[in-house]
Structures are given as C-alpha cells and as structure tokens.
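Me: I have a structure open and want to go through it with you. Can we take it piece by piece?
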Amino acid sequence: MNTKILFQSFILLLFCVAKTNAQEVLTLESAVKIALENNYEIKIATNNLDIEKTNVAIGNAGMLPKVTATIVDNNSVQNSSQTRQDGTQTELDNAKNNSLSYGVGLDWTIFDGMRMFARLDQLKELQKLGEAQLKLTLITKISDVHAAYYDLVQQQQQLIALDTTIVISNQRLTLAKNRFTIGKASKLEVLNAQVDLNTDQVAILRQKELYANSKILLNQILARDLKSDFKVIDAIAVDNQLLLPELTALAEKQNPQLEAQIINKKVAELELKQIKAGRYPTIKVNTGYNFSESQSSLGFVSQSASRGLNYGFSASLNIFDGFSQNRNEKIAKIQIENSKMTIEQQNLILHSQLATSYQTYLTNLELIALEGKNESIAKQNLSITLDKFRIGTITTLEFRTAQLNYVNAKVRYSNAQFLGKLSEIALRELAGNLNF
C-alpha cells in the first residue's frame, strides 16, 4: 500500500517538474531589464528629459541674434488724375505702379540686465529636475517590478504547500478506503477524507487563479504580451543588515523627491533674478542690407532704386509700469519662501517614512525567524501524526488538524518573507538606492 502511494507521488512530482521545465524562468534581473526597455511611463519620462536637454541652448536663453530675410512686392493698376500748382492736369487710365523691396536684417539684444544668463542657468536646472523626475519614475517602476515579482514567488511557494497537502489528502483517502474495505473504519471516515480532499482542491484552484492573475499584472508592468508564461525563482532572500543611519544619510543625498524640491528652489531663485533684470535697461543693436525698386506710370518720378546698409541701436528702460515690477519681485520672493518650506516638509516626511518603514522592517525580520521555526515544528508534527494515522492510533480530526497547521505555517512563513522583502524594498526606494 505504501509502495503504491509512493509511486503515485513520484509520478505526480515528475509531471510537475516536466510542466515547470517547459516554462521560461524569469529572474528578477531579467524582469527589471524588460521593464527598463518597455515600460511606457519610463519611456515618457525619458522623452520628457530629452525635451529638457534640447531646451538647454544659448539661443533659447536669448543670447543669440535674430536674422530675418524679408521681401515685399506691391503692385497696383489705377485710373489716376493729377492737378499741378500751375493748373495743368494730367490723367492716365490703367496706370501701373509697383514697388519691390527685399533684404536681410539682424537684431541682437546685447544687454538685458543679465536676464539671459539667469534664463540659461534656469534651463540647466530644469534639465536636472527632469533627471530627478526620471530617476523617481525609474525607482517607482522598478519597486513595482520587485513587489510584483516577489508576490509571485510567495504565491508559488503557497502553491507548492497546497500541492503537498493534496498529496497527503490523497494518501489519507486511500488509507481510509483500504481500512473501510477490511472493516477497520467506517464509511464516515472515507466521506470525511473525500470532503477534506475536495476542500484542498478548491483552495489550490483559487490559488492558481490568483497566481495566474498576478502573472498578468507583472506582464502589464513589463509592458509585454500579457499571455507570456513563465515561472519565478522559488526563494525570497531578505537583507537583514540594513541600518537606519546609513539609509537616512543616503536618502538625504539621493532621494529623488527631496532632490526635486531642492532643484525647484533653485529654479525659483533664478526666476527672481530674471524679474529683477527688468530694473536695468535693455540695449539692442540692429543692422541690415536692403534693396528697393519702384515704378510709377504717373508722377514726377517714374522709376527709382536703392540699396545699401543700415545700422543702429536702441535702448529702453522701464520707468513706471503700474508697480508691476515690485509686485512680480514680491511674488517671486514668496515662491522662494514656499520652496524652502516645501523642502523642510519633504525632509520631515522622508525621515518619518524611513523611521516607520524601518520599524516595520525590524518587526518583519522577527516574524520571519518566528514563522520559520513554526514551519519546522509543524512539519515535524505532521510527519509524526502521519505515521500514527497509518497505524490507527490517532483520530481523523487530529490528523486533519496537524495537516492544516502545517499548511498554514507554510503560508504564514511565506507571507512573512514576502512582507519582509516589501519592507526592504520600501527602505531602498526611500534611500534612492534601489538597484536597476
């Protein structure tokens, strides 16, 4: 009897192994690489950074001259009549008149109160802001990949635990049928074993459904075919060496949200510089080379032409603009003050999140150790109970209790590892050092 059960378990194991080997083994590193290549939010953030890089140009800051080519051609056909001072009159029907002018002109602002230099520096800071936002998007998406991946790992572990309990429940049903056949057990024992087996099969079906849906979610994050089938690794390794002071020091240097707020303050300061430039004069130089021709069928001059260089400069100074200059400067200073407070607020939020996440991390480490011990005890208890059940020294209820205790212990241990990994990921995300 035991040989038959062992053979059935071996066949089931071979089937599971063959099915598993047919699937792609998706490592975490591969998942991260796919996400970096395919994820739409990362692509959009990358394109936005390219826009900011393109905007960093001296021409965009107003430092370069503007060169314009123009051409104007006017024509007319009119019935004209002229009366001169001596009283003579001249009339002409369908008199043709035309004028043509064309040339190239240059306008260049050579001084605007240093506004153009402040503008260029602001464009550079906006590029840094785009880099911080891209980094935030990368860390957030990679954190999502880590969480979804390890969720699949712990669900896969739970499937293995449920597969184990199915094998045990099948053994129990076989034993009950054999004992009933030889008259050592009642029909009730067989029915109870069948009901418990059916309950275990329902549980594994639900778990398979959850596992399949979680695969779809991970494929969505990776922006690839939702039907792509794969399996994940079968272990969760939690780093238990993280220290709060080190994480805090890293977060203060490279947390992308805090970094973005610091850059926003610099952008506000440069905006104030540009506004203050309005108190200084603006000086422009201009030059050009123009050609002009005109013809008239009636008048003192029937044809004229000119060509040549023109040049000059202009200067303007804002003397009074309804106090707009003072008002704009005041608003810019308030925005700088708001930026300072936002940095302080973000810094406080960051330290708070680190402290709470680290406490959760420590708790999860203790739970992992405790649940690991419980899982080992439950496994040993199930082994002893199974031996006693085979020789008929314990009741069906006691055996089922030991079986459920083992499954629950396996699930709790898997969940503890998963939650511990999530807390580790959260801390690394806050510190800005989540590897990607």
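Me: Where is Thr 27 found?
Reply: Thr 27 sits in the loop between β1 (24-25) and α2 (28-38). Keep in mind that this is a predicted model.

Me: Is Thr 27 buried, exposed or partly exposed?
Reply: Thr 27 counts as partly exposed, because its relative accessibility is 27% and that class runs between 20% and 50%.

Me: How far is Thr 27 from Ile 233, C-alpha to C-alpha?
Reply: The separation is 6.7 Å, although Thr 27 and Ile 233 are 206 residues apart along the chain.

Me: And what about Leu 243 and Tyr 280, how far apart are they in sequence and in space?
Reply: Leu 243 and Tyr 280 are 37 residues apart in sequence, and their C-alpha atoms are 54 Å apart in space. Leu 243 is in the loop between β4 and α6 (244-254). Leu 243 counts as partly exposed, at 41% relative accessibility.

Me: Stepping back, how many helices and strands are in the chain?
Reply: The chain has nine helices and six strands. Its radius of gyration is 40 Å, well over the 22 Å that the globule rule gives for 436 residues, so the chain is more spread out than a compact globule.

Me: What does the C-alpha trace span along its principal axes?
Reply: About 150 × 55 × 30 Å.

Me: What share of the residues counts as buried?
Reply: Of the 436 residues, 35% are buried. The accessible surface of the chain is about 25900 Å², and carbon and sulfur atoms account for 56% of that.

Me: What about contacts between residues at least 6 apart in sequence, what share joins residues at least 24 apart?
Reply: That share is 81%.

Me: How many salt bridges does the structure hold?
Reply: It holds 17 salt bridges. Side chains of opposite charge can pair when their charged atoms come close.

Me: Take Arg 179 and Glu 189. What is the N to O distance?
Reply: It is 3.4 Å, and the two side chains meet in a salt bridge. The pair links distant parts of the chain, with Arg 179 in helix α4 (residues 115-181) and Glu 189 in helix α5 (residues 187-221), 10 residues apart.

Me: Are Arg 179 and Glu 189 buried or exposed?
Reply: Both Arg 179 and Glu 189 are buried. Glu 189 has a relative accessible area of 13%, which puts it in the buried class because the cut-off is under 20%.

Me: What else is Glu 189 in contact with, leaving aside neighbours within four places in sequence?
Reply: Besides Arg 179, Glu 189 is in contact with Ala 176, Phe 389 and Thr 396.

Me: Next pair: Arg 412 and Glu 371. How far apart are the closest N and O atoms?
Reply: They are 3.2 Å apart, and the two residues form a salt bridge. This pair also links distant parts of the chain: Arg 412 is in helix α9 (residues 396-431) and Glu 371 is in helix α8 (residues 324-390), 41 residues apart.

Me: Which of the two is buried?
Reply: Glu 371 counts as buried, with 11% relative accessibility. Arg 412 is partly exposed, its relative accessible area being 37%.

Me: And what separates Asp 387 and Arg 390 along helix α8?
Reply: About one helical turn, because Asp 387 and Arg 390 are three residues apart in helix α8. Their side chains meet in a salt bridge at 3.7 Å, N to O. Asp 387 is partly exposed, with a relative accessible area of 41%, and Arg 390 is partly exposed too, at 34%.

Me: Which residues are linked with Arg 172 in a network of salt bridges?
Reply: Asp 196, Asp 200 and Arg 400 are linked with Arg 172 in that network.

Me: Last topic, backbone angles. What is phi of Ala 223?
Reply: Phi of Ala 223 is near 55 degrees, a positive value in a residue other than glycine. Ala 223 lies in the loop between α5 and β4 (230-231).

Me: What about phi of Phe 323?
Reply: Phe 323 also has a positive phi, about 65 degrees, and is not a glycine. Phe 323 is in the loop between β6 (303-316) and α8. With 55% relative accessibility, Phe 323 counts as exposed.

How values were computed:
Residues numbered from 1 in each chain as written. Predicted model: local features only at pLDDT ≥ 70, side-chain atom pairs only at ≥ 80, totals over all residues. Heavy atoms only, no water. Helix = DSSP H or I, 4+ residues; strand = E, 2+ residues; numbered from the N terminus. Rg over C-alpha atoms; globule rule 2.2 N^0.38 Å. Buried < 20%, exposed > 50% of the residue type's maximum accessible area, 1.4 Å probe, protein only. Contact = heavy atoms within 4.5 Å. Areas by Shrake-Rupley, 256 points an atom, 1.4 Å probe, with all protein chains shown as cover. Salt bridge = Lys/Arg side-chain N within 4 Å of Asp/Glu carboxyl O.
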